[in-house]
Amino acid sequence: IMKKTTAIRFFLIHFSIVLAVFGFTHIVFGKASFSVAPGVIEFNLKERKTKSFIISNSGDERIRLMVRPVFFGIDSNSLKAGAPINLENANQDDLTKAIRVSPKVVVLSPGQKRKVRLSIRSKKKLPPGDYRAHLLINILETRKAADNATTPLGSEEGMSINLNIKMETAIAIYGRAGTPDTKLDWRCGQNKQGIYFVQAINQSKWNFRGWFGVYSPEENNEKLITEVRLISLRNSVRAIPIRIPPMKTFKIRWGYKQNTHDKGSYLCDL
């Protein structure tokens with residue numbers, strides 16, 4: 001039972017964090033379910049503003065939710081965003097201690113919605129750079145009984161077990177101090193399975209959230225081979241497989257908008 005509960009918890013939290021990056025989260029399990037919107041909240045850390053998000057009870061049971069800030073490492077199983085370049089600086093973008101949430105506990109009847117307020121109040125001035133955290137929202141499922149298939153012969157009552165299934169989702173919180181100056185470096189290669197990949201190396205204090213395209217190397221007649229969504233966190237390196245095998249020499253171009261790769265280029269030579 002413990003292994004099953006842990007596996008369910010791991011799947012739900014990992015899946016919901018991936019959804020949070022794209023702006024909406026929704027958790028459903030049995031009759032208890034809830035949704036959260038938006039899935040991403042961004043702050044300008046020079047401004048002392050309060051923002052909010054909505055939690056909705058989309059099930060048919062009364063639920064009790066707890067909201068708390070957490071920080072996931074770049075290489076954690078929940079985030080899986082690559083690996084830190086420098087372990088000593090791996091958690092310098094942690095915002096959890098500065099996050100203020102109200103209320104921290106939310107009780108919702110079926111169909112009810114509640115606004116949760118969020119602000120960032122750092123005790124000291126943060127150096128220029130991008131910062132992040134997640135708001136973890138969890139619910140303790142109502143106890144359920146399950147009949148044991150190995151009921152003793154002649155017994156009038158089956159054996160039962162109580163399961164407490166913990167459902168979780170997370171909202172991504174980003175904070176920015178100063179003017180971004182993101183710089184990406186690249187490496188290219190092929191792994192033992194023959195899959196081509198590019199490696200995005202971000203040694204700056206800024207995150208990159210955009211797209212990169214793989215192009216043919218011709219200067220005057222570039223052809224887009226494939227385009228990939230890229231989220232590169234500060235102080236990180238991330239390998240991205242390329243499904244369409246490129247030529248031995250190809251060009252990488254990247255930018256913040258889809259189909260607009262205008263922020264830089266790099267020539268890969270395998």
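Mentor: For the classes used below, Ala, Val, Leu, Ile, Met, Phe, Trp, Tyr, Cys and Pro count as nonpolar, Asp, Glu, Lys and Arg as charged, and the others, Gly among them, as polar. On that basis, the lining of the second largest pocket in this predicted model consists of 7 nonpolar, 6 charged and 2 polar residues. Of the 15 lining residues, those nearest the centre of the pocket are L45, K46, K124, K125 and L126. The volume of this pocket is about 290 Å³.

Of its 270 residues, 41% are buried. Among contacts with a separation of 6 or more, 67% join residues 24 or more positions apart.

The interior can be taken next. In soluble globular proteins, nonpolar side chains tend to be buried together. The largest nonpolar core here has 28 residues, and the members that touch the most others are F53, I55, L65, I99, L135, I137 and I173. Its greatest contribution, 5 residues, comes from strand β10, which spans residues 129-140. Leaving aside residues up to four places away in sequence, I173 touches I41, F43, I99, L118, I120, Y131, R132, A133, H134 and L135. Another core, of 16 residues, lies apart from this one and includes Y196, F212, V228 and I242.

I242 counts as buried because its relative accessible area is 4%, and the cut-off is under 20%. With residues up to four places away in sequence again left out, I242 touches I195, Y196, F197, V198, V214, T226 and F250. V214, one of these partners, is 28 residues from I242 in sequence, and their C-alpha atoms are 8.7 Å apart.

Strand β18 is one of 4 strands in an open sheet, ordered β6-β18-β15-β14 with antiparallel pairing. At its edges are β6 (83-84) and β14 (184-190), each of which pairs on one side only. The antiparallel strands β14 and β15 (residues 196-202) are joined by 7 bridges, and D185 has I201 in β15 as its bridge partner.

Notes: Residues are numbered from 1 along each chain as its sequence is written. This is a predicted model: local features need pLDDT of at least 70, side-chain atom pairs count only at pLDDT 80 or more; totals for chains, interfaces and linings use all residues. Side-chain values use heavy atoms; hydrogens and water are left out. On a 1 Å grid over the protein atoms alone, a cavity is a set of points where a 1.4 Å probe fits but cannot get out, and a pocket is an open set with protein on both sides within 12 Å along at least five of seven lines; lining residues have an atom within 4 Å of a point. Grid points are joined across faces, edges and corners, and a volume is the space filled by probe spheres set on the points. Two strands pair if DSSP finds at least two bridges between them. Helices (H or I, at least four residues) and strands (E, at least two) are DSSP runs, numbered from the N terminus. A nonpolar core is a set of buried Ala, Val, Leu, Ile, Met, Phe, Trp, Tyr and Cys residues joined through side-chain atoms within 4.5 Å. Buried means under 20% relative accessible area, exposed over 50%, partly exposed in between (1.4 Å probe, protein chains only). Contact means heavy atoms within 4.5 Å.
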